[in-house]
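Colleague: I've got a model open and I'd like to learn how to read it feature by feature. Could you walk me through it?

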Amino acid sequence: MNTPIALAQALSTFDAFWSPRIVGHVNDYDVRVAKVAGEYVWHSHPDTDEFFLVLDGRLEIALREDGRERTVVLETGSVFVVPRGTEHKPSAVPGASILLFEPTGTENTGTHEGELPGHLTTSAGVPL
């Protein structure tokens, strides 16, 4: 049975950064919330777009497209979709809360080079 979920309350149940929690499902997609702080790792998702909604704070997403780098800045309430296969690196200083739509089973670190920094772990989302 579905019940309403208050996103602020859901976010208050965990402290881990860059560790998305699954708050719902839409067809074959997870609806995930996450707390983010500092820099993530350059990565891509070859098979899916990635939807970001900033619930609180400010998120910057560096993108590598057509041999160039650019950065988009998302303030509270802003939405951005990273196209499939686009290498990107989110960062949030001092921090932010975000909502993501991703196909169920999609790992947050996608395809990346090298080892992950110690503050990051690979996850396909954790049930709330």
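This is a predicted model: local features need pLDDT of at least 70, side-chain atom pairs count only at pLDDT 80 or more; totals for chains, interfaces and linings use all residues.

Colleague: Which residues that line the largest cavity are the closest to its centre?

Modeller: Look for Trp18, Tyr40, Glu50, Leu100 and Asn108, out of 14 lining residues. Strands S2, S3 and S6 are the elements that give two or more residues to that lining. S6 gives the most, with 4 residues.

Colleague: And what is the make-up of the lining by class?

Modeller: You get 9 nonpolar residues, 3 polar ones and 2 charged ones.

Colleague: Let's turn to the packing. Which residues touch the most other members of the largest nonpolar core?

Modeller: Start with Val36, Phe52, Leu59, Ile61, Leu74, Phe80 and Ile98, which hold that place in a core of 18 residues. At least two core residues come from each of S2 (29–39), S3 (50–65), S4 (68–75), S5 (79–82) and S6 (87–103). S3 supplies the largest share, 5 residues. There is also a second, separate core of 7 residues, with Leu11, Val23, Val33 and Leu99 among them.

Colleague: If I click on Phe52, what is it in contact with, leaving aside its neighbours within four places in sequence?

Modeller: Quite a list comes up. Phe52 contacts Leu59, Ile61 and Leu74, then Ser78, Val79, Phe80 and Val82, and also His88, Pro90, Ile98, Leu99 and Leu100.

Colleague: S6 keeps coming up. How many of its residues are buried?

Modeller: In S6, 12 of 17 residues are buried, so the strand is mostly covered, where buried means under 20% relative accessible area.

Colleague: Now the strand pairing. Which strands does S6 pair with in the antiparallel sense?

Modeller: For pairing, look at the bridges and the direction of the strands. S2 and S6 are antiparallel, over 10 bridges, and Glu39 stands opposite Ser91 in S6. S3 and S6 are antiparallel as well, over 11 bridges. There, Val54 has Ile98 as its bridge partner in S6. You've met Ile98 already, as one of the core residues that touch the most other members.

Colleague: What about S1: which way does it run relative to S2?

Modeller: S1 (residues 21–26) and S2 run antiparallel and are joined by 5 bridges. As an example, Gly24 has Val31 as its bridge partner in S2. The hairpin they form has 2 residues between the strands, and Asn27 takes a positive phi near 55° in that hairpin.

Colleague: Does S1 pair with S7 in the parallel or the antiparallel sense?

Modeller: Parallel, over 2 bridges, with S7 covering residues 126–127. Ile22 is partnered there by Pro127.

Colleague: One last spot. Is Asn2 buried or exposed?

Modeller: Asn2 counts as exposed because its relative accessibility is 78%, and the cut-off for exposed is over 50%. You'll find Asn2 in the segment before helix H1 (7–11). The C-alpha atoms of Asn2 and Gly24 are separated by 8.7 Å, although these residues are 22 apart along the chain.

Key. Residues are numbered from 1 along each chain as its sequence is written. Side-chain values use heavy atoms; hydrogens and water are left out. A nonpolar core is a set of buried Ala, Val, Leu, Ile, Met, Phe, Trp, Tyr and Cys residues joined through side-chain atoms within 4.5 Å. Buried means under 20% relative accessible area, exposed over 50%, partly exposed in between (1.4 Å probe, protein chains only). Contact means heavy atoms within 4.5 Å. Two strands pair if DSSP finds at least two bridges between them. On a 1 Å grid over the protein atoms alone, a cavity is a set of points where a 1.4 Å probe fits but cannot get out, and a pocket is an open set with protein on both sides within 12 Å along at least five of seven lines; lining residues have an atom within 4 Å of a point. Ala, Val, Leu, Ile, Met, Phe, Trp, Tyr, Cys and Pro count as nonpolar, Asp, Glu, Lys and Arg as charged, and the others, Gly among them, as polar.
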